[in-house]
Amino acid sequence: MRGLEVLAGNPQAKHRLSAGRGLSHAYILAGPAGCGKHTLAGLLAQALVCSGGGEVPCGTCPDCRKAISGVHPDIIWVGEERKDVNVSMVRALRADAYIRPNEAPRKVYLIPNAHTMNQSAQNALLKLLEEGPPYAAFLLLAENGGAVLPTVRSRCELIRLGPVSEAEALAVLSARFSDLPADRIADAAHRCEGVIGRGITLLKDSDSRARGVQETAQRLVKLLLEGPELAALEFCVGLEKWEREDLSALMEEGVEQLRTGIGGCQDLRRALSLARRLEEVRRGLDFHVGAGHVAGWLCAGSF
């Protein structure tokens with residue numbers, strides 16, 4: 001099987017899939033959230049529908065191109081992400097499985113959260129795994145392979161995925177977030193504990209948070225410089241719900257914008273005075289548990 005380099009780490013899983021034994025009709029991909037189950041499931045689904053001949057997936061045949069684009073009609077996700085798969089969904093899957101593929105040699109069903117299926121749902125799936133049509137293939141994604149009934153596990157090939165090394169996580173995150181500062185990427189690689197999906201979430205959240213702080217600082221500086229006073233006060237009252245660390249970052253961003261002229265203030269003395277005020281508030285946050293007085297601190301002396 002080709003293309004396994006897209007999956008970071010997990011040499012044992014890669015070895016099993018590249019051993020030249022051909023593809024199974026059913027797999028359980030087991031491992032913690034964010035470990036690469038969806039990445040591997042996508043690659044396996046592509047390989048199962050590939051019609052290019054030779055080693056799969058070829059990556060160039062019409063079936064591969066549609067699989068890569070996420071529009072292949074014979075690759076079907078059962079249920080929705082983060083929702084349990086119930087027995088009625090499995091029965092619908094079973095009925096659909098006996099309809100021949102639209103275009104590809106195989107019809108592939110991906111089942112997220114397979115570890116949450118109750119016994120009735122798993123027994124309904126078991127019948128399909130045992131007696132289903134030869135063109136149907138099944139990929140079960142489970143955080144805990146042990147939560148799948150032994151009878152279902154015995155009909156599937158179990159592929160276990162686990163955390164990667166910090167160096168491997170750093171390499172993947174650096175390639176994906178090349179526009180972010182290296183120290184932020186290194187911090188995420190350390191904090192994700194080898195679960196790359198967790199590292200991606202950390203960096204996306206921090207990037208979104210940084211943009212939110214920047215936009216809020218622009219609005220805050222404009223109101224404190226230009227008013228009206230009531231609108232500024234109301235805006236600052238809303239900031240009292242923020243966490244102290246976020247408020248501190250907001251004050252720092254506001255000071256930076258004033259010092260670099262982003263606020264657009266033509267009155268240099270007023271801009272410097274407001275920058276000092278924001279810096280005083282930032283320092284004050286270091287000595288206060290909450291942010292309950294931030295509105296008063298910010299507005300006092302600003303108008």
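Q: Before we get to the sheet, what does it take for two strands to pair here?
A: Two strands pair if DSSP finds at least two bridges between them, the strands being DSSP runs of E of at least two residues and the helices runs of H or I of at least four, both numbered from the N terminus. This is a predicted model, in which local features need pLDDT of at least 70 and side-chain atom pairs count only at pLDDT 80 or more, while totals for chains, interfaces and linings use all residues. Residues are numbered from 1 along each chain as its sequence is written, and side-chain values use heavy atoms, leaving out hydrogens and water.

Q: OK, how do S1 and S5 pair?
A: Strand S1 (residues 26-30) pairs with S5 in the parallel sense over four bridges, and Ile 28 has Leu 158 in S5 as its bridge partner.

Q: And what is the strand order of the whole sheet?
A: The sheet is open, with five strands in the order S2-S3-S4-S1-S5 and parallel pairing. Its edge strands, each pairing on one side only, are S2 (75-77) and S5 (157-160).

Q: Switching to Lys 37, where does that residue sit, and is it buried or exposed?
A: Lys 37 belongs to helix H2 (residues 37-49) and is buried, which is to say under 20% relative accessible area with a 1.4 Å probe, protein chains only.

Q: Which side chain of opposite charge is nearest?
A: That is Glu 143, 5.4 Å away, and Lys 37 has no salt bridge, a term that requires a side-chain nitrogen of Lys or Arg within 4 Å of a carboxyl oxygen of Asp or Glu.

Q: So which backbone oxygen does the Lys 37 side chain reach?
A: The side chain reaches the backbone oxygen of Gly 31, at 2.8 Å.

Definitions and conventions
Buried < 20%, exposed > 50% of the residue type's maximum accessible area, 1.4 Å probe, protein only. Lys, Arg positive; Asp, Glu negative; His and termini not counted. Polar contact = N/O pair within 3.5 Å; in protein donor to acceptor, adjacent residues only side chain to side chain.
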